[in-house]
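Take a look at the fold below.

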Amino acid sequence: VANDTSAQTVTRDACDASTPPTNGAKGDCTNALAAGASCQPTCNTGYTVTGPSTCGFKGVLSATATCAANPTVVSRKVASATTIEITYSANVTASNIANGLSQFQVTIAGGSAALPTAASISGAVLTLTVGTMTASATNNAVTVKYTKSTTANQFLATSQGGVVASDSSAQTVNRDACDAST
């Protein structure tokens, strides 16, 4: 076997990353993404990109970005004298929600906005614990405003990467009407 005295160049095949993800656009991805390189597709309004697309060996993408749907609010309701339930269109998670209570401002009967004292998540339902909502908080006088934190694991998202958007203004929380006629 002959001795090789010069360095040899090894090339890897480029990837075609120009196909946009469903509900998105190709962003800066091209049909000739260099091996080992990454590019970033973009997503349509209402979706969040889950990561970059990356070119692996032999011209095959080793990671492909997707666009995850952002969950939306289905309902907001007073569940008890001290809890508000917000139901989303998909299961949500925030493993550090206890340290993210400042994302929520609750107003009861036109009073000052206050933070909830606790929060828990079960599937698609977020439960906020608040001060007692008295009978004077009638006629849907309870509002909640969510302003998404920038701290990971405190803001609401899906396990697929969809992110709950901030409310543009305080949102009315529905109350069940009582039938006092019986």
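Accessible areas come from the Shrake-Rupley method with a 1.4 Å probe; for residues, only the protein chains shown count as cover. By that method, the protein exposes about 10,400 Å². Carbon and sulfur atoms supply 49% of this area.

This is a predicted model: local features need pLDDT of at least 70, side-chain atom pairs count only at pLDDT 80 or more, and totals for chains, interfaces and linings use all residues. Residues are numbered from 1 along each chain as its sequence is written, and side-chain values use heavy atoms, with hydrogens and water left out.

Now look inside. Of the 182 residues, 32% are buried (under 20% relative accessible area, 1.4 Å probe, protein chains only). Take the contacts (heavy atoms within 4.5 Å) between residues at least 6 apart in sequence: 50% of them join residues at least 24 apart.

The protein has 14 strands and zero helices. Strands are DSSP runs of E, at least two residues long, and helices are runs of H or I, at least four; both are numbered from the N terminus.

Next comes pairing. Two strands pair if DSSP finds at least two bridges between them. Strand 8 (residues 73–78) and strand 9 (residues 83–88) run antiparallel, joined by five bridges. They form a hairpin with four residues between them. Lys77 stands opposite Glu85 of strand 9.

Three strands form an open sheet, in the order 10-13-14, with antiparallel pairing. Strand 10 (104–108) and strand 14 (171–172) are its edges, each pairing on one side only. Five bridges link strand 10 to strand 13 (residues 142–146). Ile108 has Val142 in strand 13 as its bridge partner.

Methods: Buried means under 20% relative accessible area, exposed over 50%, partly exposed in between (1.4 Å probe, protein chains only).
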